[in-house]
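These are my notebook entries on a single chain. I set down what I looked up, in the order in which I looked it up.

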Amino acid sequence: MKFMQPENRFSRLSVSLFLIFALCYPALAFQAKKPPAKPAAKTPANPAAKSTAAAKAKPVAKALAKTAPAKTAAAKKAEEQKKASAKAAPQNRETPAQRRAAEARRKKEEERRQAALAEQRRREQAAREARARKLAFERGLKDEAAVNILRDSTEGEDMNIRRVAVNALGDRAGTVVVMDAVTGRILTMVNQEWGIRHGFKPCSTIKLVTGVAGLNENLINPDGNIIGNSMQMSLDDALAYSNNVFFQRVGVQM
C-alpha cells in the first residue's frame, strides 16, 4: 500500500473544509438575516367602550333593585292568598248529600236534554215521512193521469182545442173539459176517466157556480155586494180570498 505524502494530505483536507464551508454558508447567512419573531401584541383597552358599558349597566342595576321589592311583595301576596284559600277550602267543601243532589240535578237535566233531542228527531222523521207520502201520492196521480190521457177517445173532438188543453194541463194531474157555452157541445175532454167516471169533491170550484147563480138571481148587485146583507165584501174579494161565508149566504138566499 502506498501512503500519501504529508503535503498532499494537508492540501486535500483544506480543500474539503473549504467546500463544506462554501456549501453551508448561504443557509447560515439567511438564518442570521431572518428577524426574530415578535410577541403577539395585546389589544389596547378601549376606555370609551368601557364607559359606555358601565353607563348601560347602571340603569339595569337600578331597575333590578327597584323591581326586587315589588317581586317580593307580589310573592308575599300570592302566598297569603294561597293560605287564605287553604283555610277557606274546608268551608267550601261539599257534603256527600250535596254531591248526591248535584248529581241528581245533572242527571235530570241530561234526561230532559235527551228527551228534547228524541222529540225533535221524531218530529223531523214524521215530517220527512209526510213529505215522502205526499210526493208519492202526487207522483201516483200524475202517472195515472198520463195513462188515462193516452186512453182517451178523441172521436168528434176538435183536435186543435185538444192540443191546447193538453199543453195547458202539462205534467199536472187533472182533467180538462172544454164546452161550447152556447150549444153545450163538448169540444174536447182530456183525461176522460176522471172527467166522467172518477169522482172528486168540487171544493172551492163550486164558488164560481154559486157566484154566477147569485148574479143571475139578482142576489148580488152589479158592484158585487150581496143585496140585503150587511157583509162588507164584494164578489171579487170573495173569489180572491176564497171566502166561504160569502158564498154560504148567497147559497142560503137562493
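I call a residue buried when its relative accessible area is under 20%, exposed when it is over 50%, and partly exposed in between, with a 1.4 Å probe and protein chains only. By that rule, 13% of the 254 residues of the chain count as buried.

**Entry 1: source.** I am working from a predicted model, in which local features need pLDDT of at least 70 and side-chain atom pairs count only at pLDDT 80 or more, whereas totals for chains, interfaces and linings use all residues. Residues are numbered from 1 along each chain as its sequence is written, and side-chain values use heavy atoms, with hydrogens and water left out.

**Entry 2: overall layout.** I took helices (H or I, at least four residues) and strands (E, at least two) as DSSP runs, numbered from the N terminus. I found eight helices and two strands, and their order along the sequence is α-α-α-α-β-β-α-α-α-α. For contacts I required heavy atoms within 4.5 Å. Of the contacts in the chain with a separation of 6 or more, 47% are between residues 24 or more positions apart. I computed accessible areas by the Shrake-Rupley method with a 1.4 Å probe; for residues, only the protein chains shown count as cover. The accessible surface of the chain is about 21300 Å², and carbon and sulfur atoms hold 60% of that surface.

**Entry 3: salt bridges.** I counted a salt bridge where a side-chain nitrogen of Lys or Arg lies within 4 Å of a carboxyl oxygen of Asp or Glu. The count is seven. A network of salt bridges links E119, R122 and R123.

I then turned to helix α5 (residues 192–197), where R197 and E193 are four residues apart, about one turn of the helix. Their salt bridge has its closest N and O atoms 3.0 Å apart. R197 is exposed, with 57% relative accessibility, while E193 is partly exposed, with 29%.

Entry 4: Which residue forms a salt bridge with R162? I found E157, with the closest N and O atoms 3.2 Å apart. Both E157 and R162 are buried. D152 lies in the loop between α3 and α4 (159–169) and is buried, at 11% relative accessible area. The side chains of D152 and R162 are joined by a polar contact of 3.0 Å; I took a polar contact as a pair of N or O atoms within 3.5 Å, where within protein one must be able to donate a hydrogen and the other to accept it, and residues adjacent in sequence count only if both atoms are side-chain atoms. Leaving out residues up to four places away in sequence, D152 touches R162, M189, V190, N191, Q192 and E193.

Entry 5: Which residues of α6 are buried? In this helix (residues 206–216) I listed K207, T210, G211 and G214. These residues lie on the same side of α6, because they cover an arc of only 100° around the axis, the arc being that of the directions from the helix axis to the C-beta atoms. On the face turned away from the buried side I found the exposed residues L208, V209 and N216. The cover over the buried residues of α6 includes α7 (235–240) and α8 (244–253). Just after α6, N218 has a positive phi of about 60°.

For α8, I recorded F246, F247 and V250 as buried. They share the same side of α8, since their arc around the axis is only 85°. Their cover includes α6 and α7. At the start of α8, a side-chain oxygen of N243 comes to within 3.2 Å of the backbone nitrogen of V245.
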